[in-house]
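Good morning, colleagues. I would like to take a few minutes to go through one model and the way its elements pack together. Please have a look at the display before I continue.

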Amino acid sequence: MTLTSDETTGLLIAAQGEPMMPIGRWRAPAEELVRKKYLKPTPHAGDPEGFFNLRITPAGRKAVEEV
């Protein structure tokens with residue numbers, strides 16, 4: 001699956017263990033990575049939907065290896 005440069009950047013950041021927050025210019029790429037199942041919401045007390053705590057999935061890790 002082809003990734004945009006912003007999606008690739010977000011995925012590389014997530015692969016380092018950092019959560020992604022879909023705000024500003026990162027909203028569209030982060031939401032697309034969720035749609036592609038490369039990131040997933042991780043709910044917690046302050047963010048019950050997990051919207052601001054997107055974490056990489058195993059499929060996302062595989063996609064990083066192909067970058």
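**Helix packing and buried faces**

In helix α2, the buried residues are Pro29, Ala30 and Leu33. Around the axis they span an arc of only 100 degrees, which places them on the same side of α2. Ala28 and Arg35, on the other side of α2, are exposed.

Some conventions are needed before I proceed. This is a predicted model, in which local features need pLDDT of at least 70 and side-chain atom pairs count only at pLDDT 80 or more, while totals for chains, interfaces and linings use all residues. Residues are numbered from 1 along each chain as its sequence is written, and side-chain values use heavy atoms, with hydrogens and water left out. Buried means under 20% relative accessible area, exposed means over 50%, and partly exposed lies in between, with a 1.4 Å probe and protein chains only. The arc is taken over the directions from the helix axis to the C-beta atoms. Helices (H or I, at least four residues) and strands (E, at least two) are DSSP runs, numbered from the N terminus. Contact means heavy atoms within 4.5 Å.

What covers the buried residues of α2? The cover includes α1, β1 and β2.

That brings me to the pairing of the first two helices. Two packed helices are described by the angle between their axes and the distance between the axes. Helix α1 (residues 5-15) packs with helix α2 (residues 27-35) at an angle of about 75 degrees, and their axes are 9 Å apart. The axes here are lines fitted to C-alpha atoms, for helices over the stretch in contact, and angles run from 0 to 180 degrees between N-to-C directions. The two helices, α1 and α2, are therefore roughly perpendicular to each other. By convention, angles under 35 degrees count as roughly parallel, over 145 as roughly antiparallel, 65 to 115 as roughly perpendicular and the rest as oblique.

Which residues make this contact? From α1 they are Asp6, Glu7 and Leu11, and from α2 they are Pro29, Glu32 and Leu33. Sorted by class, the contact of α1 with α2 has three nonpolar, no polar and three charged residues. For these classes, Ala, Val, Leu, Ile, Met, Phe, Trp, Tyr, Cys and Pro count as nonpolar, Asp, Glu, Lys and Arg as charged, and the others, Gly among them, as polar.

Glu7 is buried, with a relative accessible area of 5%. Not counting residues up to four places away in sequence, Glu7 touches Thr2, Pro29, Glu32, Leu33 and Lys36. Lys36 is itself found in the loop between α2 and β1, and is buried at a relative accessible area of 14%. A polar atom of the Lys36 side chain lies 3.1 Å from the backbone oxygen of Thr2.

Lys37 is also placed in the loop between α2 and β1. Is Lys37 buried or exposed? At 60% relative accessibility, Lys37 counts as exposed. Its phi is positive, about 65 degrees, although Lys37 is not a glycine. Just after α1, Gly17 likewise takes a positive phi, of about 95 degrees.

Returning to α1, its buried residues are Glu7, Thr8, Gly10, Leu11 and Ala14. Seen down the axis of α1, these buried residues fall within an arc of 165 degrees, so they line one face of the helix. Their cover includes α2, β1 (39-41), β2 (54-56) and α3 (58-65).

Now to α3. The buried residues of α3 are Gly60, Ala63 and Val64. They cover an arc of only 105 degrees around the axis, which puts them on the same side of α3. On the other side of α3, Pro58, Lys62 and Glu65 are exposed. The buried residues of α3 pack against α1 and β2.

Arg61 is also found in helix α3, and at 40% relative accessibility it counts as partly exposed. Leaving aside neighbours within four places in sequence, Arg61 is in contact with Ala15 and Ile56.

Finally, Leu54 has its place in strand β2 and is buried, with a relative accessible area of 4%. Leu54 and Lys40 are 14 residues apart in sequence and 5.2 Å apart in space, C-alpha to C-alpha. Beyond its neighbours within four places in sequence, Leu54 has contacts that include Pro19, Ala30, Val34 and Leu39.

Definitions and conventions:
Polar contact = N/O pair within 3.5 Å; in protein donor to acceptor, adjacent residues only side chain to side chain.
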